[in-house]
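I opened my notebook to get to know a structure that was new to me. Here is what I looked up, entry by entry.

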Amino acid sequence: MTDSGRDGASLVDRYSHWTALQKEKNRIGKGSLRELFESDPARVDDFSAQAAGLYLDYSKNHLTREARELLLKIADEADLSSTITAMFAGEKINNTEDRAALHVALRSPNAETEEEKAVHQTLTKLTRFVEKVHAGKWRGFTDLSITDVVNIGIGGSDLGPRMVSEALSPFNLPHVALHFVANVDGADLTAKLAGLNPETTLFIVASKSFSTLETLENAKSARRWLTDAGCSEADVAKHFVSITSKVDKAVEFGIAEENLFPMWDWVGGRYSLWSAIGLPIALAIGAEQFKQLLAGAHEMDRHFRSAELAENIPVIQALIAFWYNQLWGAHSQVILPYNHLLRSLPAHLQQLDMESLGKRVTRQGEPVDYPTGLVIWGSEGTVGQHSFHQLLHQGTRVIPADFIVNRRAQHELPHQQRHLYANCLSQSQALMEGKSLDRAKAELIASGMPEAQAERLAQHKMIPGNRPSTTILMEELSPRTLGALIAMYEHKVFVLSVLLNINAFDQWGVELGKQLSGPIHEALENPDAQADLDPSTRRLVDLFRGQS
């Protein structure tokens, strides 16, 4: 892979169609979404796409065919198609760490490359492990079978598996209960262990380096919990497995080498739920359903790799985000899953998007003069409607929204599913249409309010509308469709990184806080420690130690 596009850290320098795109944005900005629909009876058909069990309706965005064509030309100038090919081929597109980004190999049904062979060997090992636990053949230190599994990890070793396990809970098998611990705050681990039996609890330590502070401290505390309950040091291995690349450190901790699952440098943490990091998912829903999750992601991979850019769902999603970020002044994007089971999806996408795109220099190391990552946030519907949706409807910022909804529910309350679906559609419609000042005034007068008072209050009840949204519809939330949905967002982020000419696969900003934490912790324990602390941090350290 070669860095594509013209030289320069400015988008206007990089893309020859940039000025034309700005002109088209200015033209569109003089109208409204309602006018776009009124002028084009076929708009919904032309601004929608389907793949891998997902239906994408992006017609409620400020896009014309001309704007879309210009955005696609920019994608061509960025050499997007070749860069997609390079990623799937295993080229080292993570240029700052000299690594490939081969998360797609984790869900490939093939076993041709060395990476794919390693993946399938690990998947076989994972399947056998899950079957052993489910069959009650994995025994604790008192020879009882496992009833509870606690996943100890943070970041990509927690958010992805936690979200997927939560989302697919209707598919849970009855064999074990699953729990997650991430925060170094001891309250997290204490609460999780409170109702568990040490004799029947298994811990998964998920850490590539086996040195991540939060994970290692929680693992040490979990081990003490076991030994305090009578587990000998020799039997600790009966209650721990690990996903890591540091075999020596895991063995030193007390985990048997045969109970280690690999992590590879060519998979970033936020892309790792498809690997052995997904072990807790497989323990919850079974190895076969876990493979369906992989199959759905692979189906989206095939679509992303082969579909024309104009019909390519991840590419379309990326172009929309790029459009609003660069030309409409959007600072954030809201993710609105209308499914209680997907309530943790916004948190997973926060890491995926913001850790990948929160960069300030190009791939060549030049400071950018344009915004890069959006702030990703959101909550489940309809809960968000009674809190932050007010900002979406009457606030002053452009905030593109993704509505995610399934037609069929996993519960047996179909009348409530109809209400949920109706609320999802009504919110996207309200964002687009709003309520005019005349309509607000007329409604107030019709309610019996004097005209002068209605004139004053109507300004507060008027809703401008013309707010963009995209709707992602699936038939039902299943392992397969969830796999496709997550893979879609992964590829969307990758496409954005290509358009922005940044590296999506490093996260150097995460490392600094980790580096500084050590000296501060030493200063908290030892007043004589010569930590290089600024006056504010020094005062806060002293207050913790009770010295001020």
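I began with the secondary structure of this predicted model. I found 22 helices and eleven strands in the protein.

Next I looked up the radius of gyration, which is 26 Å. The globule rule gives 24 Å for 548 residues, and the two values are close, so I noted the protein as being as compact as a globular protein of that length. I also looked up the extent of the C-alpha trace, which spans about 80 × 60 × 55 Å along its principal axes.

Among contacts with a separation of 6 or more, 74% come from residues 24 or more positions apart.

The surface came after that. For charges, I listed 54 positive and 68 negative side chains. The centres of these two sets lie 3 Å apart.

Where does Ser207 lie? I found Ser207 in the loop between strand 5 (201-206) and helix 10 (213-228). Is Ser207 buried or exposed? Its relative accessible area is 3%, under the 20% cut-off, so I wrote down Ser207 as buried.

Leaving aside neighbours within four places in sequence, Ser207 is in contact with Thr212, Thr215, Ile243, Thr244, Ser245 and Met263. With Thr212 I also found a polar contact of 3.3 Å, which joins the side chains of the two residues.

Terms used: Residues numbered from 1 in each chain as written. Predicted model: local features only at pLDDT ≥ 70, side-chain atom pairs only at ≥ 80, totals over all residues. Heavy atoms only, no water. Helix = DSSP H or I, 4+ residues; strand = E, 2+ residues; numbered from the N terminus. Rg over C-alpha atoms; globule rule 2.2 N^0.38 Å. Contact = heavy atoms within 4.5 Å. Lys, Arg positive; Asp, Glu negative; His and termini not counted. Charge placed at Lys NZ, Arg CZ, Asp CG, Glu CD. Buried < 20%, exposed > 50% of the residue type's maximum accessible area, 1.4 Å probe, protein only. Polar contact = N/O pair within 3.5 Å; in protein donor to acceptor, adjacent residues only side chain to side chain.
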